[in-house]
Structure formats: C-alpha cells, structure tokens
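Student: Could you walk me through this model? I have it open and would like to go piece by piece.

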Amino acid sequence: MKKLKPIFIIIIVVCIGLWAIRSYNTRRFHVEKETRFMMDTYVTIYAVGPKQVTSKAIELALNRIQEIDTKFNSLNPKSPVYAFNHTDGQISDNEIISLIQIALGISKESNGAFDITVAPLAELWGFYSKEYYLPTPQEIKDCLVNVGYKHLSLDSGKLVKDNEGVRIDLGGVAKGYAISEALKVLKSNGVASALINAGGDIYGLGKKGSKLWKVGIKDPRGEGTLGYVEVEDLAVMGSGDYERFFIKDGKRYHHIFNPKTGYPTEGVQSVILIYNDPILAQAWTKIPFIMGPEKGLKRLEEIPNMEAIIITESGKILYSSGLKHSLNFIKEAENTGR
C-alpha cells in the first residue's frame, strides 16, 4: 500500500476540520421552538443551542409559566388570588406577596396611576365575562368605593383589605413575572440565547448567533408593524387599547382604566417599553395611558435605562431620547402621520 503524499494528508485534515466546525456550529445554532396556550394567549419560546439542551430547558420554562398562570389568575378558582377576591380573607403565599409588594411600590411611585384593585371596574364593564356593558355614572361611582391601592395593606407578611368588596387583578404584572421566571429556568439549564414571546410581550436573551434579536413594533390600528427594535438581554413589553375593547355608538372602550375616574383612558393607543426587567416594564406601560402621552413619557424618562414608544390617539409617535438612533423605520411612520 502506497503512502499518502503530505498534500493529500493536509487536504484530508482540512476537510475533517471543516466538517467538525460545521457540525459544531449546527449544534450550537440550532433553534428549538415550542408554543403553548397560557395566560390567555399563546406563549412561544425559541432557544438556540444543542437540541437536547434547549428542548428540555424550554419544557421546564413553559411548565414554570403554567404554574404562575394557575397561581396568579384571579379568575381561576384554584388561585389564592381568586379566594382573596371572593372572601374577606388574606393572602399569605410568599411568592404572591413578593409580586404584590412590587405592584404596590409602583402604585406609590406613580401616584396611583398603576393600581391592581381595578378588578371591580373590569367586571362592571364586562371585560371578564366578555359581555360588554356601558355602566351608568352612578354605577361607576358606587364601584369606585372599592377601588384604590390604599385599600390594601401588608400585615405580618400577609395581604389584607379593608372591606370585602375590594378585589385585585395581577394581570398588569403577572406576565412580566412569568417571563422573568422563565428566563431563570432557561439560564439555569444551560441556555444563553433565547427569545420568549408571550402574546407580543417579548424578552430577548443574549444574541441570536452574532446578531441582536429583532422585535417588531405593532401598528395599533392595523395588522402590520410600524418598525422594529433590536435588543439583547432586554424586554419589549406593550399595552394597547386594541387588545380588549368594544365599540359603542362609535366610541372605543378598552380594558385600561383610570382608577380615579372609573372610565377607560383616552389619548393613547399604544405604549411599548424596552427595559431589562420585564415586571417593571409591563407595569409602567400603563402609566402614559393614565397620565397622558407627554406627561407619561416625561415620567418614564426619569427611570434610568428605560426606553419608551408611545402612540397617541391621533397616531402621533413619541419616543424617549435613548431611542433616537436605534428605532428602525418608525420615523418613516411618524413622518407620514401614522
């Protein structure tokens, strides 16, 4: 048998090396995906990495979101929140208490613009039953007796309320919390690159290969997008008057209430916040709806590293100063009066 010449040996070694690199990159940049219906929406997790690692991590992360959905859902009879709302009892679950502490802190910082006690209003207007109803001024006045975060207090690690009519809805922070918990699960199971999409609320973990994650900005009055942002280790959380609403006599009534007036807010179509904490990002999206677009944007700019996009009722686009050079295409929409 003849000996192989050095040049052929080199070619063989190079080919084996290229195959090994390609095989490694294929395993490394494999994207695994799974979707489940939870939290009243579709939740999808994309994870980059070897299949045996990403598939297990995604399953565990989705399981964690399901746990949170069950525990924090005020309409689920198995939830401690449901029990609290339908009795004069207390909540002592440490996990729920921790999130409520965050929510009450935001209520104080926003002078009551964010409020988890708006559940009686949501029920009165028919947003739970989906049998929408336009209440009378007197009905709203009567309902407001039980609305206001100051009806709640923490006593020896337990949440208590000052009357049985007070009810809470943690929907304004629960999705952000679920995303943050899913991130912990992904990271602890070896995933460093992932994207969580919970009904349009998104977190981009790391990068997708060498590129940032692209997240579209939804057109609140259309099916398409107004532009996109690119993120790494950031949440993109949104609220809009297009999510749950009904139209009566040509007027739109949506699910984001002013807790002081009892009516759905006016003046803002959509708010998108970009921030590293999905819990705070979700909660603060409500603030410009209550404060108004200009005042709300000014308040959000006071929070370090929080970026905001606000689309007013007239279609005007406002955004925080930090987004001046990182928004893509959105200025086109602004210039055309969208």
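Student: Which residue stands opposite Val271 in S13?

Tutor: Val271 has Ile310 opposite it in S13. Before going on, please note that this is a predicted model, in which local features need pLDDT of at least 70 and side-chain atom pairs count only at pLDDT 80 or more, while totals for chains, interfaces and linings use all residues. Residues are numbered from 1 along each chain as its sequence is written, and side-chain values use heavy atoms, with hydrogens and water left out.

Student: How many bridges join S12 to S13?

Tutor: Strand S12 and strand S13 (residues 307-312) run antiparallel and are joined by 6 bridges. Strands here are DSSP runs of E with at least two residues, helices are runs of H or I with at least four, and both are numbered from the N terminus; two strands pair if DSSP finds at least two bridges between them.

Student: And what about S9 and S12, how many bridges there?

Tutor: S9 and S12 are joined by 6 bridges and run antiparallel, with Gly240 standing opposite Ser270 in S12.

Student: Is S12 mostly covered or mostly open?

Tutor: S12 is mostly covered, with 8 of its 8 residues buried, where buried means under 20% relative accessible area, exposed means over 50%, and partly exposed lies in between (1.4 Å probe, protein chains only).

Student: Switching to the largest pocket, how much space lies in it?

Tutor: The largest pocket holds about 1,500 Å³ of space, and of the 49 residues that line this pocket, the closest to its centre are Gly171, Lys175, Glu243, Arg244 and His255. A pocket is an open set of points on a 1 Å grid over the protein atoms alone, with protein on both sides within 12 Å along at least five of seven lines, and lining residues have an atom within 4 Å of a point. The volume is the space filled by probe spheres set on the points, with grid points joined across faces, edges and corners.

Student: Staying with H7, how many of its residues are buried?

Tutor: In H7, 14 of its 18 residues are buried. Just after this helix, Gly190 takes a positive phi of about 85°.

Student: Which loop holds Met39?

Tutor: Met39 lies in the loop between strand S1 (31-38) and strand S2 (41-48), and Asp40 has its place in the loop between S1 and S2 too. Neither is glycine, yet phi is positive in each, near 55° for Met39 and near 65° for Asp40.

Student: Are those two buried or exposed?

Tutor: Met39 is buried, with a relative accessible area of 16%, whereas Asp40 is exposed at 59%.

Student: Last one: where is Ser320 found, and what is it in contact with?

Tutor: Ser320 is found in the loop between strand S14 (317-319) and helix H11 (330-335), and it counts as buried because its relative accessibility is 1%. Leaving aside neighbours within four places in sequence, Ser320 is in contact (heavy atoms within 4.5 Å) with Leu297, Glu301, Met306, Glu307 and Ala308.

Methods
1 Å grid on protein atoms, 1.4 Å probe; cavity = no way out; pocket = protein on both sides within 12 Å on 5 of 7 lines; lining within 4 Å.
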